[in-house]
Amino acid sequence: MHAPKPSVDASHPAPAPARTGALNLADEARKREVRTSWLLSAPALLVLVTAASGPLLIVLVYSFLAAGDYGGVVWSLSGEGWFKVFLSRDIFDDTVGIADAHLTIFWRSVRLSMLTTLICIALGFPTAWFIATRSRESRNVWLFLITIPFWTNLLIRTFAIMEVIRSEGIVNTVLMTAGVIERPIQMMYTDFAILLGMAYVYLPLMVLPLYAAMERLDFRLIEAAYDLYASRWRVLRRIVVPLVKPGLIAGSILVFIPSLGAYVTPRVLGGGKNMMLGNLIELQFGQGRNWPLGAALSLTLLVIVMVALIFYVRIVQKEAASRE
Amino acid sequence: MTESEISIRVSGVTKTFGEGASAFHALSDVSVDIRKNEFFTLLGPSGCGKTTLLRLIAGFDHPTSGRIELDGEDISQLAPFQRPVNTVFQSYALFPHMTVAQNIGFGLEMLDRPKAEVAATVAQMLSLVRMEALADRRTDQISGGQQQRVALARALAPHPKVLLLDEPLSALDYKLRKDMQIELKRLQSETGITFVFVTHDQEEALTMSDRIAVMNQGTILQIGSPREIYDRPEQRFVADFIGDSNFLEAELLTGGASGRLRLGSGHEIEASVPEGMTAPRRVSVSIRPEHAALTSGAEDAALTGTLKEIVYFGTDTHYHVALGSGGSFIVRRQNSRGVTETLEPGAAVGISLGPRSVQVLRD
Ligand SMILES: Nc1ncnc2c1ncn2[C@@H]1O[C@H](COP(=O)(O)OP(=O)(O)OP(=O)(O)O)[C@@H](O)[C@H]1O
Ligand SMILES: [Mg+2]
């Protein structure tokens with residue numbers, strides 16, 4: 001983020017074209033150092049590469065195979081898996097059309113994940129700010145409280161939310177007893193329920209990196225900006241946000257990626273109708289018995305994540321650059 | 001001083017941190033009037049409340065009681081961004097994500113000045129602090145002295161009515177500090193802005209200020225021109241903190257602006273007396289070492305004693321004398337070439353005091 005400007009590089013004299021023996025020796029030493037460091041990290045690299053790319057490779061291969069009748073794959077090359085990601089064939093007359101159902105689910109996944117990220121920023125930013133501005137001792141208490149939800153199983157947390165928002169749940173009961181509403185509000189099995197669940201689950205992943213960035217913030221800079229006639233809002237926009245941007249980006253990535261692939265939350269709170277990508281993929285490996293399609297969908301998810309991240313980081317950086 | 005000449009008026013300001021048993025009075029009943037376009041210095045030891053007073057004027061904190069006026073208007077409760085007052089922070093507090101030029105233009109931009117005006121003022125400020133060549137550098141890519149000048153330019157750019165400077169030169173080396181001192185004085189006279197300057201360097205305070213307020217433990221002990229503060233310190237702390245001083249016990253015979261005093265040696269002499277002090281009474285007096293001179297004989301000497309030590313300092317020589325009436329006394333004499341030292345330790349010497357060299361202290 002703080003790439004050195006060319007002007008700095010200019011201050012270092014370029015190496016002289018005619019190299020002296022001493023320089024060569026130094027070069028040799030550096031090369032040796034590089035070689036040793038590669039050798040030393042080789043085992044770790046090996047584990048990383050195989051653990052990360054191995055499964056991915058399997059998924060890639062499966063996506064180009066034919067589906068077995070009872071799940072699994074048949075070892076014959078087939079484009080059927082990828083075909084079905086975007087297109088569908090009518091079962092009666094074999095006409096080919098766009099796979100609307102899939103596109104709807106893609107779009108819902110992306111939309112809900114972006115909304116979740118936005119909600120987490122909206123809630124997480126003030127929360128992180130609150131914690132970062134407490135005294136040193138109470139900060140630790142607050143951070144501890146923030147992490148409490150992580151102690152419980154995701155499924156249990158999701159069911160807890162269900163208990164709050166279902167028709168006979170806490171919210172509806174209270175509102176009905178108070179006479180505010182006559183009939184329970186349908187909150188379960190809606191996008192709202194999914195958003196609520198995901199924001200609740202992923203909020204700490206936004207708060208923690210934001211807090212880490214804010215804790216490092218030099219609060220004297222904020223005073224300096226106040227002193228130079230910046231209103232509170234402008235201090236936030238011009239000083240605080242640019243300076244905590246690394247935390248903001250990290251938090252957004254940590255929230256957006258798992259949201260996009262979320263499985264448990266949309267399953268429990270969204271029901272079968274409001275599927276997200278994770279559920280669609282699971283369906284292919286389970287009831288759908290179409291592993292190649294499942295594999296192709298998984299890779300599609302990966303591509304969506306990467307494209308979205310590249311866009312996001314670009315936009316944030318461009319905005320920062322245009323302001324400077 | 002008429003009302004219209006006053007820029008900042010601090011009246012009866014107290015600042016308390018904490019509550020109950022742990023309450024700490026950082027400032028107790030501080031009152032001071034600062035004139036327009038004055039170079040006013042707050043001088044005092046570490047922890048005496050200089051920064052606290054500056055922060056109250058800037059608006060980062062609000063007084064526990066008392067009020068602060070700017071040009072006759074009460075500003076005690078205004079936010080920092082509502083006051084035409086800018087600060088040069090002790091730590092500079094430059095924005096690390098902006099260039100030098102962006103830092104300098106920030107205040108004007110926040111005041112929603114037109115882009116052209118901002119650019120013009122930034123260019124002007126850059127040349128004022130001689131930083132044109134580094135306008136596009138990031139602030140973490142320039143030296144400490146350059147950062148300091150950027151901080152100064154940033155605070156000056158919106159042309160505030162008052163500029164607060166919190167030990168802005170303390171991080172600089174001696175040579176650069178001297179240059180910046182001259183620069184600051186030039187800026188002050190060129191811009192017509194009131195400067196409130198904080199330092200705990202007495203030499204810096206004496207050379208730069210129109211007036212100095214000497215502070216200790218949350219109170220202002222004395223306000224005056226450098227000459228007044230140095231020549232006529234009214235309290236032991238002031239005399240001790242600024243320069244060196246000899247302290248003696250004496251008997252004040254008559255009061256008034258210049259009263260008569262009887263020293264421990266029995267010698268009677270004229271002395272400056274703080275306002276409103278009544279006589280007769282026992283008092284402490286302060287005498288600067290360079291306001292006294294050694295005489296070889298005892299006749300017409302104010303004090304007599306034995307020479308204990310001679311310390312050569314290059315520019316001057318210090319003579320340590322054990323007084324006949326008890327206590328010790330230091331006389332300072334400027335050195336000049338061709339004058340050989342005739343005195344030896346152990347010699348009986350007299351000390352003569354010039355007119356108005358004796359200052360009576362309040363405590
Ligand atoms: N926020 C605060 N809470 C409690 N005490 C404080 C606070 N700010 C300052 N103080 C105390 O008030 C006193 C005056 O502090 P101040 O910063 O004004 O000193 P200073 O004269 O600027 O000293 P220095 O020359 O070291 O900068 C100090 O004893 C300090 O500990
Ligand atoms: Mg201070």
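This is a predicted model: local features need pLDDT of at least 70, side-chain atom pairs count only at pLDDT 80 or more; totals for chains, interfaces and linings use all residues.
Guide: Residues are numbered from 1 along each chain as its sequence is written, chains are lettered from A and ligands numbered from 1 in the order in which they are written, and side-chain values use heavy atoms, with hydrogens and water left out.

Visitor: Why is α4(A) called oblique to α8(A)?

Guide: The axes of α4 (residues 100-132) and α8 (residues 191-215) of chain A cross at roughly 45 degrees and come within 6 Å. Angles under 35 degrees count as roughly parallel, over 145 as roughly antiparallel, 65 to 115 as roughly perpendicular and the rest as oblique; α4(A) is therefore oblique to α8(A).

Visitor: What makes up the contact of α4(A) with α8(A), by class?

Guide: It has 22 nonpolar, four polar and four charged residues. Ala, Val, Leu, Ile, Met, Phe, Trp, Tyr, Cys and Pro count as nonpolar, Asp, Glu, Lys and Arg as charged, and the others, Gly among them, as polar.

Visitor: How do you know that B:Ser46 makes a polar contact with ligand 1?

Guide: A polar contact is a pair of N or O atoms within 3.5 Å. A polar side-chain atom of B:Ser46 lies 2.5 Å from an oxygen atom of ligand 1, so the pair qualifies. For B:Glu167, a polar side-chain atom lies 3.1 Å from a ligand 1 oxygen atom.

Visitor: Which element gives the most to the shell around ligand 1?

Guide: With three residues, α1(B) gives the most. Both β2 (24-35) and α1 (50-58) of chain B supply at least two residues each. By class, the shell has four nonpolar, six polar and two charged residues.

Technical notes: Axes are lines fitted to C-alpha atoms, for helices over the stretch in contact, and angles run from 0 to 180 degrees between N-to-C directions. Helices (H or I, at least four residues) and strands (E, at least two) are DSSP runs, numbered from the N terminus. A polar contact is a pair of N or O atoms within 3.5 Å; within protein, one must be able to donate a hydrogen and the other to accept it, and residues adjacent in sequence count only if both atoms are side-chain atoms.
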